[in-house]
Amino acid sequence: MKKIGFIGTYDKTDLLLNIAKILITMRKKVIVVDLTLTQKAKYVVPVINPTLTYITNFEDIDVAVGFKDEKSIKAYLGIAETEELPYDIMLIDVDNSSAIEEFDLVKAPKNYFVTAFDLYSLKRGLQVLSNLKETMNLTKILFTKEILKEDDDYLNFLSLGYKVMWNEYRIYFPIENGDWSVLAENQRVAKIKFKRLSTQYKDSLIYIVGEILNDTSETKIRRAVKIIERGV
């Protein structure tokens, strides 16, 4: 099972569900684990009888809420500690340093730092990385209206002294009313729809999925996105 970390205090729930939707369309078995203090997935992902900890299935994506470590997820599923979880990919939403340690994300094949450029997202997001014992390689996922070198330079400045090695390339998502209104509507109707998302938003999703799979052509990923679009 491949673990992928999405770190920071910026809202990542819709992002992870959209990535998971592409992956399950490509016949991967995926679990999204919400380890955040706010547990937004509890409010966005429909569930009949929510408890303190639970796993629910949403559009063929398993979503886990309230768990502190992988051992507790295995116990919930009735799986021995020595066995692997029955998933190809685990997408992990993290906004606290203890979760990074519990899920051993420093050793994950890919980790992303997700932020916008408001000071709370930047400073509180970086605080999540403050207790790292080993250097973590991170790729920036940046939600912004404009691609400005000054913004990226400021993030680099704030992260000085942290045990972080930034990848040279960055992944941008547009902050625009069109995308946010589509995501809000998806939440209201409890569906994952791609049809009215901007091209740039979908291109960034495709790029991330390509990195996660790393042995799959972009053409195949775009084909999966087209299937999702036709299904709505």
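A pocket here is an open set of points, on a 1 Å grid over the protein atoms alone, with protein on both sides within 12 Å along at least five of seven lines; a lining residue has an atom within 4 Å of a point. The model is predicted, so local features need pLDDT of at least 70 and side-chain atom pairs count only at pLDDT 80 or more, while totals for chains, interfaces and linings use all residues. Residues are numbered from 1 along each chain as its sequence is written, and side-chain values use heavy atoms, with hydrogens and water left out.

**Pocket and cavities**

The largest pocket holds about 210 Å³ of space. Its lining is made up of Ser97, Ser98, Ile100, Glu101, Asp104, Leu105, Val106, Val128, Asn131, Leu132, Lys133 and Glu134. A cavity, in contrast to a pocket, is a set of grid points where a 1.4 Å probe fits but cannot get out. Volumes are the space filled by probe spheres set on the points, which are joined across faces, edges and corners.

Asp14, Leu17, Asn18, Val44, Phe58, Asn186, Gln187, Ala190, Lys191 and Ile192 line the largest cavity. Two elements, α1 (13-25) and α7 (177-189), each give two or more residues to this lining; α1 gives the most, with three residues. Helices (H or I, at least four residues) and strands (E, at least two) are DSSP runs numbered from the N terminus.

The table compares the linings by class: Ala, Val, Leu, Ile, Met, Phe, Trp, Tyr, Cys and Pro count as nonpolar, Asp, Glu, Lys and Arg as charged, and the others, Gly among them, as polar.

| Space | Volume | Lining residues by class |
|---|---|---|
| Largest pocket | about 210 Å³ | five nonpolar, three polar, four charged |

Eight strands make an open, mixed sheet in the order β3-β4-β2-β5-β1-β6-β7-β8. Its edge strands, β3 (54-58) and β8 (164-174), each pair on one side only. From one strand to the next the twist averages 25°. Strands are taken as paired if DSSP finds at least two bridges between them.

On β5, β2 pairs in the parallel sense over five bridges, including the one between Asp34 and Asp93.

Strand β2 is largely enclosed by the rest of the structure, because five of its five residues are buried. Buried means under 20% relative accessible area, exposed over 50% and partly exposed in between (1.4 Å probe, protein chains only). Val30, Val32 and Asp34 point one way from β2, Ile31 and Val33 point the other way, and all are buried.

**Helices and a loop residue**

Helix α3 (residues 70-77) lies across β1 (2-7), β2 (30-34), β3 and β5 (89-94), at about 75° to β3. Helix α6 (residues 149-158) lies across β6 (110-115), β7 (136-144) and β8, at about 140° to β7. Contact means heavy atoms within 4.5 Å. Axes are lines fitted to C-alpha atoms, for helices over the stretch in contact, and angles run from 0 to 180 degrees between N-to-C directions.

Arg27 sits in the loop between α1 and β2 and counts as exposed, at 78% relative accessibility. Its C-alpha atom is separated by 9.6 Å from that of Asp88, 61 residues apart along the chain.
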